[in-house]
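Trainee: Could you walk me through how to read a few features here?

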Amino acid sequence: MASPQVSAKRQQDLQVQYTTYKNTLQALAQKIGDVEQEAEEHKLVLDTLGPLPGDRKCFRMINGVLVERTVTDVIPALETNAEGLKNVLEDLVKQYKSKQEELEKWKKKNNVQVVQS
């Protein structure tokens with residue numbers, strides 16, 4: 001009689017661990033999507049500002065405050081931010097792949113088969 005309870009407890013523990021892995025992967029995927037969107041916005045703005053004269057005024061949002069600058073002032077900052085977003089995106093993708101591999105190893109180690117309904 002103790003054996004089924006242990007088995008049920010083990011199944012519950014495995015389910016909790018699996019859910020944790022899946023939630024972590026989902027959160028990472030969400031972050032990746034957010035960073036990709038922000039990087040695409042930076043690219044769009046850089047493409048738009050590129051052909052404009054350097055002394056033309058433009059506006060930039062900094063900490064919720066709209067600031068007037070020139071195109072020459074804004075482009076280097078946007079390029080730096082875009083490069084930083086690219087690096088963050090690469091790191092997040094590495095983390096996602098690593099966590100996914102960890103999940104696959106865990107599933108093999110615990111002989112877990114996922115059944116989707």
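Mentor: Leaving aside neighbours within four places in sequence, Asn110 is in contact with Arg10 and Leu14. Keep in mind that this is a predicted model, where local features need pLDDT of at least 70, side-chain atom pairs count only at pLDDT 80 or more, and totals for chains, interfaces and linings use all residues. Residues are numbered from 1 along each chain as its sequence is written, and side-chain values use heavy atoms, with hydrogens and water left out.

Trainee: Where is Asn110 placed, and is Asn110 buried or exposed?

Mentor: Helices (H or I, at least four residues) and strands (E, at least two) are DSSP runs, numbered from the N terminus. Asn110 sits in the segment after helix 2 (71–109). Buried means under 20% relative accessible area, exposed over 50%, and partly exposed in between (1.4 Å probe, protein chains only). With a relative accessible area of 15%, Asn110 is buried.

Trainee: How do strand 1 and strand 2 pair?

Mentor: Two strands pair if DSSP finds at least two bridges between them. Here strand 1 (residues 57–62) and strand 2 (residues 65–70) run antiparallel over 6 bridges. They form a hairpin with 2 residues between them, and Asn63 in the turn has a positive phi of about 50°.

Trainee: Which residue in strand 2 is the bridge partner of Phe59?

Mentor: That's Glu68. Phe59 itself lies in strand 1 and is exposed, at 52% relative accessible area.

Methods:
Contact = heavy atoms within 4.5 Å.
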